[in-house]
Amino acid sequence: TTMAASTLEKQSKVVGLKKEVRIAACACIVDAFPHEFVWKKWMEDTGGEVVIPTQRSGGGNSTSSSITIQVSGELYVHAKHPEKIKSSWLRSKTIEKTYRPNWNDVRIVRAVLELTSEALKDESTTHILFCTESCIPITSLKDAAVMLLTGSCGNGDAGSTVDKGEETEKRGSVDRNIECEVNWDRSFVDFYGRDSHRCTRFDEQNCWDVLAQSVPPDAIHKALPGWCLVSRKHAQAVLDLPSQLGDGAPDLWPAFNNVWAPEEVYFPTALALLGYLPGNDVVSKTVTHSKWNERARNQKDRAHPLEYDDSFNEHLVQNVRKEGCLFLRKMKRPLDIRIWERAALGKEISEADVNADQDRDQTLSKKRQRDYDHYDSGYHTGDRYGHSRYSSSRRRHGRDDFGNGSRYK
């Protein structure tokens, strides 16, 4: 029996009441956050009021109207080593609880659930983005909100114009003049099941088979990338899952203790158990762009997303936005805020301004880079939590030095 209970009639009532979109970015980090200034700029300067033309259907007729919303954002951080955080602003965004997760550790799931719980304490939170320190936004808060509410109408293909004096530039952002049906409960999870062509033999052995004794096979799903975006409705339902499954039901997360990349499996599986996935309110696509080098010679290089530090520019952002993505990873090194504004927001910046800003901030940049290099030294030898995938994780999953399972032994 499905527990998802959204109907068009209920949805039309909700639309008339909500006037705010607040996106909570929930980040799992070690102790450094190289894009602090980008996220701060995004939250403080790119939100505000936006008007969305809407369509309503009922009784065979559709009517046009508009909805005015106030768009804002907030950051919540779970740090593996919160005591090492140097930035006072970042400390103010860091939650008290830390599970100190290793890489490929079910404690990552616990950290994400804790972040979700903290974000939902703010009653104005409408959407939750899961991310890491290597993720950045590539559009404004306003355009992100329009895309989340309108779904396919904001897929980036339509494009919009950014005023630049007498000229306008076509960009991969949403068109706020297209009438759309607004949905406040829409989530974006790029999921697949065991019957999908995306499901590999490795997935079967290290995800589906591990969960077979605890979860119905048809409910097990994986999201790739695992850093998805969910609505408040779905996030709250996942937190309430034990009570939804019945009196005395245990927490779900312990069942994922030996699942490979458990954070990629937990949320889509939980949504399936709740009856939301597959469903109209869960869009099977990602809003966070990540790509992997499938042609890499060794498993280590194939396991980590490609890095865009040396290729970040307007052209890259426009192409990614046309895919319908609002965020980008991996960006490992600190990014100049002016370069981000030019690429992500279309802000005109002269080369002289860029050079002057770089000269003025040279001392600060060197200090930030030294701080980041200290963090990055552990990152290169392992992963986003600074732990090698070829140590405890390999032994736990019976893997050899190339990440292969026992079938190759």
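These notebook entries cover the nonpolar cores and the cavity that I looked up in this structure.

**Basis.** I worked from a predicted model, in which local features need pLDDT of at least 70 and side-chain atom pairs count only at pLDDT 80 or more, while totals for chains, interfaces and linings use all residues. Residues are numbered from 1 along each chain as its sequence is written, and side-chain values use heavy atoms, with hydrogens and water left out.

**Cores.** I looked for nonpolar cores, meaning sets of buried (under 20% relative accessible area, 1.4 Å probe, protein chains only) Ala, Val, Leu, Ile, Met, Phe, Trp, Tyr and Cys residues joined through side-chain atoms within 4.5 Å. The largest has 52 residues, and W39, I69, L75, I136, F312, F327 and L328 have the most contacts inside it. Its largest share, 7 residues, comes from helix α5 (residues 141-150), a helix being a DSSP run of H or I of at least four residues, numbered from the N terminus. Apart from this core I found another, of 49 residues, which includes I108, V109, A119 and F191.

**Cavity.** I then searched the whole structure for cavities, sets of points on a 1 Å grid over the protein atoms alone where a 1.4 Å probe fits but cannot get out, and found 1 of 30 Å³ or more. The largest cavity holds about 60 Å³ of space, a volume being the space filled by probe spheres set on the points, which are joined across faces, edges and corners. Its lining (residues with an atom within 4 Å of a point) consists of V109, V112, F130, G226, W227, C228, E263, Y266 and F267. I noted that α9 gives the largest share of this lining, 3 residues, and that α4 (106-120) and α9 (263-273) each supply at least two.

How values were computed
Buried means under 20% relative accessible area, exposed over 50%, partly exposed in between (1.4 Å probe, protein chains only). On a 1 Å grid over the protein atoms alone, a cavity is a set of points where a 1.4 Å probe fits but cannot get out, and a pocket is an open set with protein on both sides within 12 Å along at least five of seven lines; lining residues have an atom within 4 Å of a point.
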